[in-house]
Every structure is written in structure tokens, then in C-alpha cells.
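User: I would like to go through the charged side-chain pairs here and the criteria behind each label. Please set each value against its definition.

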Amino acid sequence: MRPEILNPLFAALTDLRGVGPQLAKPLTRLGLERVVDVLFHLPTGLISRFPVDRLDEAQAGQTIIVELTAQDYRPGRSPRAPFGVEAFDSAGDHVRLVYFGRTSGLARKLFPLGEKRRVSGRLDLYGDMRQIVHPDHVAEPDDEAGIAVHEPVYPLTEGLTNARLSQLASVALERRPELAEWIDAPLLASRGWPAWREAIERAHASPRDEAARDRLAYDEIFASQVALMLIRQGLRNRKGRAIAGDGRLTDALQLPFGLTGAQERVGREIASDMAQDTPMLRMLQGDVGSGKTLVALRAMLAAVEAGTQAALLAPTEILARQHYATLQRMLGGLPVNLAILTGRDKGKVRESTLMGLADGSIDILVGTHAIFQQAVTYKDLSLVVVDEQHRFGVAQRLMLTQKAARPPHLLVMTATPIPRTLQLANHGEMDVSQLDEMPPGRTPVDTRVISLDRLDDVIDALDRHLATGAQAYWVCPLVAESEGSELAAAEDRAALLRARLGDQRVGLVHGRMKGPEKDDVMARFQAGEIGVLVATTVIEVGVDVPAASLMIVEHAENFGLAQLHQLRGRVGRGAAKSVCLLLRSQNLSETARERLALMRDTNDGFVIAEKDLELRGGGELLGLKQSGDADYRVATPEQLVRLLPVAHDDARLFVERDSGMEGARGDAVRLCLYLFERDAAVPLLRSG
């Protein structure tokens, strides 16, 4: 149960005075639903204003604070024309205050003629005339609150002003309690960090306060590291069971090719883990096409050989059904009962599957999150495989491991290469294996970056490609055209391609379509009835069509490097030479250019991952923002790189030394875990 001292921070924002349904909508869009969410929604910029007594003291381009008196109004020639207020400073120097749109009433209200007002805004020159367009603050001279010389600027969304969010931040800061210190005193002193309560106030006052920001980032990273280590320790301390197959099924697999050296090495690591009575916690990293599915199947067959069951969890229905079809093909006549369970399965089909799991007649189950729902029971589950694990949080992974009388072995797989820093940040409870060798027959994909100005040429090339009998993907960033966005929409692009190439050659699939409808389009594409599949990133993982040898990604600069690498991995699966065309818009940032150049120059996912960490800086990060494991609200990628090694060592020492002891620091760390919502690990603190 959360400590009472934190309850004011976890109150809903709608409980606060002045936060009604209308304001709640934009707040929710920003993920701000509780007081604590606002507390950790830190400003990213700072407006600095220069107080002056006279306009002559200011320079054009400065944001100033000055006392002015309105002397006259200058209406426009039409209601839509700019409305001007002619104002003068104490020395009689003139400035025009300009309001656009239908705001004359507001301007007259703010500036009664002959009365003094303190005004803030950017001073500019329009010809020889000084002007301030839409002053950002207007206050009466005796207003005690006044106008802030330094004002933090928060990330916003439509319908929410910076002033309103600043007010909410002030309320959140008033609710912050004094908390016991969880950082070791020597570390706190050596870094010169303030106490938590002071740090959060300073971080809201200025994004430039590095000591305060680092303190809060460290707290968040430390909480995550302690949680991961406690989870690992808790699972390791639970008695599992040793599983050793006899080889009768794995040896009978009919493979068109031999195992790579990497697959054999990783297979031995997994078999060694499963042979222990300590539950396996292993992450299998392998680039797109490196053969992770075969490694996982061999591990699951070992579980079946030992008379037990295995389950494979996929994040989407498309991927689950793709795995099911792939495993059926690979098992080819072996005496293994394979089943699938997704949220779409209802009635007798679902009941039959549930009965088969409970009586043990189903050996391997493939499915979505439906496979760890309460109604699903297994007779003897000994191995859980989680694919594309970055889509699942620690809590979801653990939920499935609780479906067995004794903790099953856990193997999680990812085709999203994760830099070592982020392995520690998100997956510190796991051992890591890497498939760093590609099976024979996988040809590198030729990647080219092309301007969207050449869209017609690309469609002509696509037409020639389809004429050879080959297939292609065309990926767009949006489902439907959205107002105010110039990004390509899948529905509009499909309509254009149908007009140019013919209705029967173009299919469309996206996340808003119903399951059976999606399945029908995918089946027709896999059967070769559709030449080009227009899609959103719903096809990022799990789609395997060897005849598809062309991938076109529109507005590629709007996709993360992880997504681009995954999408490119959808082609190059057959014998034909494969090409990936990254279509870019004209106005690219330098970072966007570097990222697209990186995709053009290398097919190595691990190189891409490390470079992505370096390039993205404070932006959305490969394996981090796309991860359900650890949601870092405060810590930036740059802070993760700097502070994670220290937090990792501190957390390890705490868990080894203090997790079994009553004490002040144990109580303080418990508060930290609750504050940063890593409380799934709290029961594992043996001191309570």
C-alpha cells in the first residue's frame, strides 16, 4: 500500500479546483492526470525578460517589461485587420501594441486610455516604429504577482496555455512533502545535489539547473535499477525446476539449412539455463532475420520433450498468427500439439483451447496478452517465450510467469538491438544472449534515400517491379489524412496507387481495421494475389513474405531508427535482390539527414542502435520511449548514459547489503519506489 505521505501527489487533477472536464482533455493528451504527473512534467525552456524604465534602454528583439500608458486606439480598416494601441513610456517615447484577429475588445479592456500598465513582450521595429505584437503579459502597476523576469516554458498541447500549466505546477509543488533521503550521503555530497524537495522546485524554476535536474534523473534511474534487481533476486530465490529435453523432437526437425554458429552457441546457453532449478531470465537479441524463432522453437521442444508445456507471447494479433503459421510449417508432422489463443477467439474454439491447456493435451500455445488472462490455466507450464519484448513491461512479463505452480523459465526476444546502457536501464534483471551471425541466404538490403519530389518516378518504378511478379510494401506514417498535417496517409496513398496501378494490385492494412479484415488482406498478400501492400507500422514486425523484395517508406524522417530497421527487415527474405526506398521531405534537420544516411550506409542493427543513442540526445530513444518496461519521465538519454553506471552500482550495493534489513534507508528507498511507480518491486524488500 502506498505510504500516506505520498497520497496528495497521487490525487487526480480533476480533484483540484478549476480543473474541469474541458481542461482535463488537453492535460490527458499530455499524460497529465494526477498531481505527480504535473510534478514530473518539467519545463524545457525559459523566457528571460529584461525590465526597463524607458524604451530607449531596450534593443529590438528583446523581450522586455516596461510601464506604458495607452493614449489612443488605432482600429484597422476591417474587423480582421490588426488593431493598434498607441502607448508611451514615462519619457514620452512611443510604441504601438498590435493585436491580430478579432481582439479589439480585449485590447481596449487591457489598456484603458490614460491608465498605466506594466507590459511584457518582444520589442520589434516595423520600419522606424517600435511595436510589440500581442504582449504576453499585461498587469496593473500595483499587482503584487507582477510579471516574472524568468518564466519556465512547458511542453504544451492544443487547448493548454503555458500560464495555466505553470499554475498547476505551482499547486503540485505546494503538495510536495519532505521525504527521507534515499541517496547515500557521500554520493549526495560529492555531487553537490540538493534534497529531493528542493530539487523538484528548482527544476521547475529553470531547465538550466543541472544539479537539480541530475538529482531527479538519478532518483528515477536508481528506483528502476533497485526494482529490476529486486525482481531478479525475488525470481532467483524462488525454486524453479530443471528442464532437460532428450532430443527426440529437436533432432527430428526438418530444416532446409543448418544452424549458424551463433544459433548453436545461444542454444547451449539456453539449455544450460533450463537445466538449472533456478528460473532462467534471458533476453535473446538478434537482428531481423537472424533466426531467433528457430532458437525459441528448439527451447520449447525441449520443454515438450520433458513432458511439460511452453507458451509464446506476441504483442499483436498479426504477429501471433504469423508465429503460429511459421511454427506449424517448421514442426511439419512432428507429434506436437500447437494451438493459438488471441482476444478474437471466442465460443467453442476458445473453450477447446482452454481445456487443452488445462488437461495438458496442448504442448505449445502461441498468443497475444490473452494467454495470461485469469481464465487461462496450464497443466504444467515450464517455459515462457516473449517476442518483441519491448512492447511488454516487466509487470506483464511477470504475470505470465505466475501461471505455473513453480516459476517457469523465461526467454524474451527482441529484433530491436539495445545499446548496453539501455540493457541496464530496462532489462537489468536479465542475462543477455546475442545472435550476431546471419543464416545463409539472407542478402543485404540495398537502401536508398530519395526526395518525395520524385514520387511519380517511384510509382513508375513500382509498376515495373510488380510487372516482374515481385511484391512490395508501401508504408505511411498516418492512417487517414489529418488536418494540419502534410504527412502521407495510408488510405489516401492506397487510393492514388489503385488509380495508377489498378484496384486488384493494391491492398491496405492498418491498426484501425477489424481482425478478420486485416487477416484477409494479409492472406491475399502472402498468396501473391496483391502486388503492393500499403500499410502503417502495423507490419513493422512479424510479416514474412519472401516474394516481397521492395520496401518503400514515405516520410522516412518521421520514423524512429528502430522502426526503419524493422521495416527494412520485412524484405530480403527471398533469393531476389531487395531494395528499401526511404522517401524524405525537403526540409530535414541535420540529425534527420544523419539518421537517414546511417540507414543507407549500414544494415547492422547493433551499429544503428549505438548511433541512435548518440544522435537522438534528448529525443525519443530507440528501445526507451518505444519500450513498455521503463517509462522515464525525468531522465533524458544523455543523463541515462552519465548516471546509469553510478545508479546501477548503488542499487546493487543496496540490494545486496540492505534489502534484508530494517533501517532508515530501506524505508526511504521504499518511498522512492512508490514515488516513481516502481512499486511492483516493493513486496520484494524483505524489510517490509
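**Salt bridges and burial**

Analyst: Arg 282 is buried, because its relative accessible area is 10% and buried means under 20%, with exposed over 50% and partly exposed in between (1.4 Å probe, protein chains only). The model is predicted: local features need pLDDT of at least 70, side-chain atom pairs count only at pLDDT 80 or more, and totals for chains, interfaces and linings use all residues. Residues are numbered from 1 along each chain as its sequence is written, and side-chain values use heavy atoms, leaving out hydrogens and water.

User: What makes Glu 269 and Arg 282 a salt bridge?

Analyst: Their closest N and O atoms are 3.7 Å apart. The term requires a side-chain nitrogen of Lys or Arg within 4 Å of a carboxyl oxygen of Asp or Glu, so the pair qualifies.

User: Why is Glu 269 called partly exposed?

Analyst: Its relative accessibility is 26%, which therefore falls between the buried and exposed limits.

User: How do you know that Arg 321 and Asp 519 tie together parts that are apart in sequence?

Analyst: Their side chains meet in a salt bridge at 3.7 Å, N to O. Arg 321 lies in helix α10 (residues 317-331) and Asp 519 in helix α16 (residues 515-526), so the pair ties together parts 198 residues apart in sequence. Helices here are DSSP runs (H or I, at least four residues), numbered from the N terminus.

User: Which residues do salt bridges with shared partners join into one network?

Analyst: Arg 34, Asp 37, Arg 633 and Glu 677. The search of the whole structure finds 44 salt bridges.

Terms used: Helix = DSSP H or I, 4+ residues; strand = E, 2+ residues; numbered from the N terminus.
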